[in-house]
Amino acid sequence: MSYIAGTRKSCNGNPNGYLYALVRVDKKDSCVDMISYSEDKEYYLNNESVRYIGVTNNPIGRFQGHRSAKGKKMGMVIFNEAENPAEGKMLEAEAIYNFCETKGKGPKWQKGHDTWAGA
């Protein structure tokens, strides 16, 4: 089993959740392949390259999925943690709401944040 596959498998089922922002990296840079962490719990409001806000208990697996769908010129920045799924979903919704209120629209890659469709 490869290192990435092993790490992804060990993260699956993690009891904690992580709020993250996907950021667009426009130039060829070594950080494109990285998942990083920010102490700033409002990172998603303080960085202009944020394209998506999400929550996951498996950051490595989620990042791989996003890169497959959205391309390789992106990074993931974890900016908050949740102790359970309900708290994670609440923090994710609050972050998307704050982003929309502050910026006047949702993150570029976000889907469904501007409809009445339920969770």
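Reader: Which residue is the bridge partner of Y20 in β4?
Author: In β4, Y20 pairs with I78. This is a predicted model, where local features need pLDDT of at least 70, side-chain atom pairs count only at pLDDT 80 or more, and totals for chains, interfaces and linings use all residues. Residues are numbered from 1 along each chain as its sequence is written, and side-chain values use heavy atoms, with hydrogens and water left out.

Reader: How many bridges join β1 to β4?
Author: There are 8, and the two strands run antiparallel. Strands pair here if DSSP finds at least two bridges between them. Strands are DSSP E runs of at least two residues and helices are H or I runs of at least four, numbered from the N terminus.

Reader: And β2 with β4, parallel or antiparallel?
Author: Parallel, over 3 bridges. I35 has M76 as its bridge partner in β4.

Reader: How many of the residues of β4 are buried?
Author: 8 of its 9, so β4 is mostly covered. Buried means under 20% relative accessible area, exposed over 50%, and partly exposed in between, with a 1.4 Å probe and protein chains only.

Reader: Switching to α4. Which residues are buried there?
Author: G88, L91, E92, A95, I96 and F99. They cover an arc of only 135 degrees around the axis, so they sit on the same side of α4. That arc is taken from the directions from the helix axis to the C-beta atoms.

Reader: What covers them?
Author: The cover includes β1, α2, β3 and β4. The face turned away from the buried side carries the exposed residues A86, K89, Y97 and E101.

Reader: Which residue caps the N-terminal end of α4?
Author: N84, with a side-chain oxygen 3.2 Å from the backbone nitrogen of A86. A polar contact is a pair of N or O atoms within 3.5 Å; within protein, one must be able to donate a hydrogen and the other to accept it, and residues adjacent in sequence count only if both atoms are side-chain atoms. Just after α4, G104 takes a positive phi of about 85 degrees.

Reader: Now H66, buried or exposed?
Author: Buried, at a relative accessible area of 2%. H66 is in α3, and, leaving aside neighbours within four places in sequence, is in contact (heavy atoms within 4.5 Å) with Y20, L22, Y52, G71 and M74.
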